[in-house]
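The structure is shown first.

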Amino acid sequence: MKTRVTFIHAADLHLGAPFRGLRALSPAWADRLLTAIPEAYDRLIDTAIDHDVDFVIMAGDMFDMAEPSYADYAHFFDGLHRLESAHIPVYMCAGNHDPYVSWRNDFGDLPDNAYMFPADRPGFITYERHGRPLVLLGGRSYFNQSTPVDEDIARGISRVAAERACGVHAPFSVGVLHTGLDLDPKKAPTDPHQLRATNMDYWALGHIHKRQVDDPHDPHVAFSGCIQGRDIKETGARGCYEVTLTQDAPNMVNFISLASVVWQKTNVDVSHCGTLAEVHDAIMGDLFRLNGKAQCEDMVERVTLTGKTDLHHLLRQPEIIDDMRRKINNGYPSFFCDALIDNTRPNISKKSLKNEGLFPATLLRQSSGERDDPEGSITWLQDRFLEEELSLPRSYERNIETMQRRAETIVLDLLEGGDDR
Ligand SMILES: [Mn+2]
C-alpha cells in the first residue's frame, strides 16, 4: 500500500468574535451567532477524532482578539486536551489577531500534543508514525512588531531546510503560515510560486477567510477559510479541509462544513407575483431552497427583490418592506432576514409610453416601423456586416423580428433604469 497521511487543515477560528453589527438588529440572533463559533470549533475537534486523522493544523487567528475572554481561552484549551486524549498532535501558528506574544505571555502552557511555530524565525518539527518520521512540518507564526516590514514570512522554509533542522528524511513535508499571500499585500505577503518551488508537499495557510486552492486536481497551496462566517461578507458554507497526501499521487482536499449558521445573499425575482402575499411566499420558497443547499442549521440571509412588477409602487414603500421582513422573521425560527431590499422595477405599458409622447414614444414608433419592413431591416444589417467584411448569419435573417423586439425591450429598460437610479 502507498504511504499516505491524513490531517485536518483549519484556520481563522476567531473564537470570541462579537457580532456587533447584528446585535443592533436582533440581540437573539447575535447571541445565536456567539454560540456558533465555539460550536464550529467543537465540530472541528469532533471531526479530527471521528476521522482519526494523523494530526491537526491550525493556521492562525484561533482567537479574535489578542486578549480573549477566560471562557474562550478555556474552551480552546479544552479542545486541545480532547485531541491530546485521542493522541492527535496539533501544529499551530499565531495570526495577526492573536499574536505570538499573547500566547507566550498570557495563554498558559500548551498541552504536550500542541506545538506553536515561533514568530522570530522559521520552526520545524517531525511527525512520526510508529516511531518513524512521516511528515516534516515547517512554519512560522505571524510577525511581531520587531520583524522588519519587508521580510518574507516564508523565507527559510523548504523541504531541504526541514530535513536539515529535523535531522531526518520523511515521505512528506508540510508548511504552515498565516499570510496574505498575493491577495493581501499588507499582511505578511509571500509569493505562491515561490511556495510551490520549496518542494513542500502542501502549504496549509490562514488569513484569507474564503477557502481556496491553487489547483483543484492537485492542491499544493491552500486556504481552508474561516470555520464560521461572521457577517454578510462571509457567505456560504464554512469549515475546514481534510487533506490526504499520498506518495506518487495527487494531493486531495475534502471540504468539511463546520458552521452551524450560514450567511446567504439571494435575489428573488417577483415578476410572476400578483399580490404581496405571493411575494412573501416566493421569498420563503427561495429561503428553503437555499437552506437545503447550505449544509447548516440556521441561516442569516439578505434578500433582494428583483423583476418587473405592478407591485413596485407598494414594494418601494419602506413600511411595507419592514412589515414584510418582520413577517419573514416571524415565519420560520431558523431563518433570519437581516435586510430586505427592493430592487424591483415598474411594469411599463407601451401604450402609456406612446401617449406620453416623449423619447420612448419616438423609439417605439421607429421600432414598430422597422418591424413592418423586415426586408429593409435585413438589407440594412447586411450593409453593416459588409462594411466589416463579414457575411450576415442566416439565423439573423430568420429571427429578425424577435431580435427587433428584444432590442426594443433592452433600450426601454436602459431608459427606465437611467430614470430610476
Ligand atoms: Mn482571520
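## Domains

The model is predicted. Its domain assignment divides the protein into domain 1 (4-259), domain 2 (262-346) and domain 3 (352-420). Between domain 2 and domain 3, the C-alpha centres are 35 Å apart.

## Nonpolar core

The largest nonpolar core holds 95 residues. Within this core, the members that touch the most other members are A10, V56, I57, M58, V176, L205 and I227. Helix α2 (residues 27-50) supplies the largest share of the core, with eight residues. At least three residues of this core come from each of domain 1 (4-259) and domain 2 (262-346).

When neighbours within four places in sequence are left aside, L205 is in contact with A11 and A59, with L177, T179 and L181, and with V221, A222 and F223.

## Helix pair α7 and α9

Helix α7 (residues 276-294) and helix α9 (residues 318-331) have axes that come within 11 Å of each other and cross at roughly 45°.

On the α7 side, the contact is made by H280, I283 and M284. On the α9 side, M324, K327, I328 and G331 take part.

Definitions and conventions
Residues numbered from 1 in each chain as written. Predicted model: local features only at pLDDT ≥ 70, side-chain atom pairs only at ≥ 80, totals over all residues. Core = buried A, V, L, I, M, F, W, Y, C linked by C-beta atoms within 7 Å. Buried ≥ 20, exposed ≤ 12 C-beta atoms within 10 Å, placed from the backbone. Helix = DSSP H or I, 4+ residues; strand = E, 2+ residues; numbered from the N terminus. Domains from an automatic or database assignment. Contact = placed C-beta atoms within 7 Å. Axes fitted to C-alpha atoms, helices over the stretch in contact; angles between N-to-C directions.
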